[in-house]
Amino acid sequence: MPFVSVNGVRLRAETLPHRRAERRPDAVPLVFVHGLAASSAFWMAAGVQTLTGHGACLMYDLRGHGKSDTPNTGYGLTHMADDLLGLLDQQGIAKAHIVAHSFGGMIALRAAVKAPDRVVSLTLADTRIRPLQQTITLPKVRLPAGLRARLDDLGIAEIPQSETGDGVHYLETVARIQLAAGKEADALLSAIYQHPGLFRSRRNAQKWITLAERASFVEEMTTGESFSAQDLAALECPMLILVGDKSPTRPSAFALKRLCPAARLRQIAEAGHFFPLSQPRSFLRPTWRFIRAVNAGQFVPETDDDTV
């Protein structure tokens, strides 16, 4: 299993080779940044193998996630973005297309603000952008008495209704339900959040709970240096913003589109936050076309959003 050392932390990283390397040996690689409580397996499940026609695809597990090391500190946005840029250095990548989901989009934006010459394009899938959207309002959950009683039996006392911490507590609740309910978890989570379990193993669910219970982790995640709306407005790289039309991150998507003249916005119909998994074609198709247009020097941002 491939591991690399970046900023003193061992990160799991994997590269899918460029399928057309013999025809375009100088193709710009794609680098994928997953969200909180996920891992690089998220991208394999979303079908990013399809995108190797554009270039090599590099995926990695964030620090504290997947099979990467879990240091005691370094979970703020600046450290995470430095990990991304350090990974590019370690892999000898001068410039890349960055594709990110959820909190991974915050990491990608921070990296683009810090080192704009390293980012050829940004694809942001359902990212809450903290300076543009202070709170995530989760879908209101009205639990039937029987379901509430079952959650009480499992020791799940509270279902988060809003978040300021990029989904940390919501994800902790999902992890606790998966651990406590076993095979029943998918049915319970579908009834509560309209999606099945998110953690691929009990180990991953427990790893997230342990991380989320650290006061230092939550503090670093929710405070500290980020970037401003003015920083975002100064970004000149082509940008594709993808958002589910039922996602709580829609305010971020529309605000970012208004700020960035080089951005194209696409809403995904009948989709929530995890549409790259639930509707992979709706993620892959616009991403493929966007990167193709950027590589050909033919990208033109639209003035209006579109729904696909």
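User: Why does Arg130 count as buried?
Analyst: Buried means under 20% relative accessible area, exposed means over 50%, and partly exposed is in between (1.4 Å probe, protein chains only). Arg130 has 10% relative accessibility, so Arg130 counts as buried. Before we go on, this is a predicted model, in which local features need pLDDT of at least 70 and side-chain atom pairs count only at pLDDT 80 or more, while totals for chains, interfaces and linings use all residues. Residues are numbered from 1 along each chain as its sequence is written, and side-chain values use heavy atoms, with hydrogens and water left out.

User: Where does Arg130 lie, and what is Arg130 in contact with?
Analyst: Arg130 sits in the loop between strand E6 (119–125) and strand E7 (136–137). Helices (H or I, at least four residues) and strands (E, at least two) are DSSP runs, numbered from the N terminus. Contact means heavy atoms within 4.5 Å. With neighbours within four places in sequence left aside, Arg130 touches Phe103, Met106, Asp166, Met221, Thr222 and Thr223.

User: Happy with that. What makes Leu16 buried?
Analyst: The relative accessibility of Leu16 is 12%, and therefore Leu16 counts as buried. Leu16 belongs to strand E2. Beyond its neighbours within four places in sequence, Leu16 is in contact with Met44, Val48, Gln49, Thr52, Ala56, Cys57 and Met59.

User: And why does Ala263 count as buried?
Analyst: Ala263 comes out at 0% relative accessibility, so Ala263 counts as buried. Ala263 is part of strand E10. Setting aside neighbours within four places in sequence, Ala263 meets Met239, Ile241, Lys257, Pro301 and Glu302.

User: Is Ser102 buried or exposed, and is Glu270 buried or exposed?
Analyst: Ser102 has a relative accessible area of 14%, so Ser102 is buried. Glu270 has 58% relative accessibility, so Glu270 counts as exposed.

User: Now for the helices. How do you know that the span of helix H2 agrees with its 14 residues?
Analyst: The expected span of a helix is 1.5 Å times one less than its number of residues. For H2 (residues 77–90), that gives 20 Å, and the end C-alpha atoms are 20 Å apart, so the two values agree. Just after H2, Gly92 takes a positive phi of about 70°.

User: Which residues of H2 are buried, and what covers them?
Analyst: The buried ones are Leu77, Met80, Ala81, Asp83, Leu84, Leu85, Gly86, Leu87 and Leu88. Their cover includes strands E1 (3–6), E2 (9–16), E3 (30–33), E4 (57–60) and E5 (96–101), along with helix H3 (103–114).

User: Why is H2 called roughly perpendicular to H3?
Analyst: Axes are lines fitted to C-alpha atoms, for helices over the stretch in contact, and angles run from 0 to 180 degrees between N-to-C directions. Angles under 35 degrees count as roughly parallel, over 145 as roughly antiparallel, 65 to 115 as roughly perpendicular and the rest as oblique. H2 and H3 pack at about 75°, with axes 8 Å apart. That angle makes H2 roughly perpendicular to H3. Leu77, Thr78, Met80, Ala81, Asp82, Leu84 and Leu85 in H2 meet Phe103, Met106, Ile107, Ala108, Arg110, Ala111 and Lys114 in H3. By class, this contact has 10 nonpolar, one polar and three charged residues. Here Ala, Val, Leu, Ile, Met, Phe, Trp, Tyr, Cys and Pro count as nonpolar, Asp, Glu, Lys and Arg as charged, and the others, Gly among them, as polar.
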